[in-house]
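These are my notes from going through one model.

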Amino acid sequence: MKRLHVHLKVGNLDDSIAFYTALFGRAPDKIESDYAKWLLDDPRANVSISTRPGQGGVDHVGVQLDNDGDLEEIAARLTAADASIAPESNATCCYAKSNKYWARSPEGAVWELFHTFGDSATYGADPKAVTAPAQTAACCAPAQ
C-alpha cells in the first residue's frame, strides 16, 4: 500500500492542529510538542505539520511505502531516469525510524520516499544543519 505524504511547516501548532482536525474530521494520530501527524485512509495520506525553523507552508511531499522492496523499486526507476536521489538508511526523522530516499524533481521539488519501521522518542536531524544548493533543505533531508 502506498500513501501520499505532505509535510507542512506551521507557525502555531495548536492553531494548526485545530484547523487540520476540522479539515480531516478527526484528531491527529500522533502529537509531540513540535509535531503532529494524521494517517488518513480517505484520501490515503500521511499529513504532518511541525514548527521547525524556516518559512511556513509545504516543506516537502513524498510517498510512504509498506516495505523496503517497494522503496527500492521506486528508487531504481528514478535512478534509471537519471533523477537526483540520495539514500538515507536507518534514519531518525519526524519521531520515526525509516529507510528512505530523497529525490529532487527537475523544478527542485523535494520528494521523500520512505518505509517506516519504528518510532523514535526524538524528532531527528536538526534541519538548520542541512542545506541544499540555493535553498533550505526539507525537514530532515540530506544535502544533494
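This is a predicted model: local features need pLDDT of at least 70, side-chain atom pairs count only at pLDDT 80 or more; totals for chains, interfaces and linings use all residues.

Entry 1, surface and fold. Of the 144 residues in the protein, 45% are buried.

I then listed the secondary structure, which comes to two helices and ten strands. Read from the N terminus, the order of elements is β-α-β-β-β-β-α-β-β-β-β-β. For contacts between residues at least 6 apart in sequence, I noted that 57% join residues at least 24 apart.

I searched for cavities of 30 Å³ or more, and the structure holds one. The space in this largest cavity is about 110 Å³. Its lining has 13 residues, and those closest to the centre are Tyr35, Cys93, Cys94, Ala96 and Phe114. Which strands each supply at least two residues of this lining? I found strand 3, strand 7 (96-104) and strand 8. By class, the lining of the largest cavity holds five nonpolar, five polar and three charged residues.

One of the residues closest to the centre of the largest cavity is Cys94, so I checked it separately. Cysteine 94 sits in the loop between strand 6 and strand 7. Is cysteine 94 buried or exposed? Its relative accessibility is 7%, under the 20% cut-off, and therefore cysteine 94 counts as buried. I also noted a positive phi of about 55° at cysteine 94, which is not a glycine.

Another non-glycine residue with positive phi is asparagine 90, at about 50°. I placed asparagine 90 in strand 6 (residues 84-93).

I recorded about 160 Å³ of space for the second largest pocket. Its lining has 14 residues, and Lys37, Leu39, Gln64, Leu65 and Thr116 lie nearest the centre. At least two lining residues come from each of strand 1 (2-9), strand 3 (35-41), strand 5 (57-65) and strand 8 (110-119). Strand 8 gives the largest share, four residues. I sorted the lining of this pocket into four nonpolar, four polar and six charged residues.

I looked up aspartate 41, found in strand 3, and aspartate 59, found in strand 5. Aspartate 41 has a relative accessible area of 56%, over the 50% cut-off, so I list aspartate 41 as exposed. Aspartate 59 has 13%, under the 20% cut-off, so I list aspartate 59 as buried.

Which side chain does the side chain of aspartate 41 contact? I found a polar contact with the side chain of arginine 44, at 2.5 Å. The side chain of aspartate 59 makes a polar contact of 3.4 Å with the side chain of lysine 9. I also took the C-alpha to C-alpha distance from aspartate 41 to arginine 3, which is 8.5 Å across a sequence separation of 38 residues.

I checked the peptide bond from aspartate 42 to proline 43 and found it cis, with omega near 0°. Proline 43 lies in the loop between strand 3 and strand 4 (44-50).

Key. Residues are numbered from 1 along each chain as its sequence is written. Side-chain values use heavy atoms; hydrogens and water are left out. On a 1 Å grid over the protein atoms alone, a cavity is a set of points where a 1.4 Å probe fits but cannot get out, and a pocket is an open set with protein on both sides within 12 Å along at least five of seven lines; lining residues have an atom within 4 Å of a point. Grid points are joined across faces, edges and corners, and a volume is the space filled by probe spheres set on the points. Ala, Val, Leu, Ile, Met, Phe, Trp, Tyr, Cys and Pro count as nonpolar, Asp, Glu, Lys and Arg as charged, and the others, Gly among them, as polar. Buried means under 20% relative accessible area, exposed over 50%, partly exposed in between (1.4 Å probe, protein chains only). Contact means heavy atoms within 4.5 Å. A polar contact is a pair of N or O atoms within 3.5 Å; within protein, one must be able to donate a hydrogen and the other to accept it, and residues adjacent in sequence count only if both atoms are side-chain atoms.
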